[in-house]
Amino acid sequence: MNKAPAYLLTLLLAGLALVLGAPAAAAHGGPIELEVTGDGADNVNVLVTYKKDGHPVTEIVEATLKATSSDGRSFGPVPLRSAPEGQNLYHSAEPLPSGEWRVTVVATEPSKAKATVKVKAGAITAAPAASAPAAATPAPSQAATPAQATPAQAAPAQAAPVAAVEDRGTTGTPVKVGVIVLVALAAVAAWIGFARRHRAPLR
């Protein structure tokens, strides 16, 4: 008996979801709008949105582009291709030749739309690199000034006497050690002689 209320509650929730979701689904439909601009180089950006709410068109857009230049050349029609930068952004399948163009984009799916704009196509030229400034020549007074020895350069001359003193001290060390060893040996020999003299009367 408890299953009937649960079943009715599930049906009510499902119906409520359908009712609330219907306006959102209906909003993503109807007429579309095309916004066409130059990309700064040799192509165009075509942004496709729904005219009613401005939401992006996520459906597949079928559209073509044709153009006429200011000097009488014609281009297209060529299909539009989806751009990797956005879901509703499209580019021309072929680049525009250099020049000023009157571009017309015509869409047929998901609904019909048309837009015409003027764009300028062409390679962007890089600004010339600034020339490096000429190296400044030293003033005569600076060139004539003799170089002064730095403390680091004068240090070896002052360190020489100290090294000599250290060498003399190192040389005298073995002599001192030898004298100490001789004195110690003489003391041991004297002690041995003294011990023998004291042992002789005991025999």
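Helices here are DSSP runs of H or I with at least four residues, strands are runs of E with at least two, and both are numbered from the N terminus. This is a predicted model, where local features need pLDDT of at least 70, side-chain atom pairs count only at pLDDT 80 or more, and totals for chains, interfaces and linings use all residues. Residues are numbered from 1 along each chain as its sequence is written, and side-chain values use heavy atoms, with hydrogens and water left out.

Q: Which helix holds tryptophan 191, and is that residue buried or exposed?
A: Tryptophan 191 sits in helix α3, residues 151-199. Buried means under 20% relative accessible area, exposed over 50%, and partly exposed in between, using a 1.4 Å probe and protein chains only.

Q: Which residues touch the most other members of the largest nonpolar core?
A: A nonpolar core is a set of buried Ala, Val, Leu, Ile, Met, Phe, Trp, Tyr and Cys residues joined through side-chain atoms within 4.5 Å. The largest one has 25 residues. Strands β1 (32-38), β2 (44-50), β3 (62-69), β4, β6 and β7 each give two or more residues to this core. The residues touching the most other members are Val46, Leu96 and Val105.

Q: What kind of aromatic pair do phenylalanine 75 and tryptophan 101 form?
A: Rings of Phe, Tyr and Trp (its six-membered ring) pair if their centres lie within 6.5 Å; planes under 30 degrees apart are stacked, over 60 edge-to-face, and the rest tilted. These two rings are 6.2 Å centre to centre, with 65° between the planes. Phenylalanine 75 is in strand β4 and tryptophan 101 in strand β6, so the pair ties together parts 26 residues apart in sequence. Both residues are buried, and their pair is edge-to-face.

Q: Which residue forms a salt bridge with arginine 73?
A: A salt bridge puts a side-chain nitrogen of Lys or Arg within 4 Å of a carboxyl oxygen of Asp or Glu, and the structure holds one. Arginine 73 is partly exposed at 33% relative accessibility. The closest N and O atoms are 3.0 Å apart, and the partner is aspartate 71.
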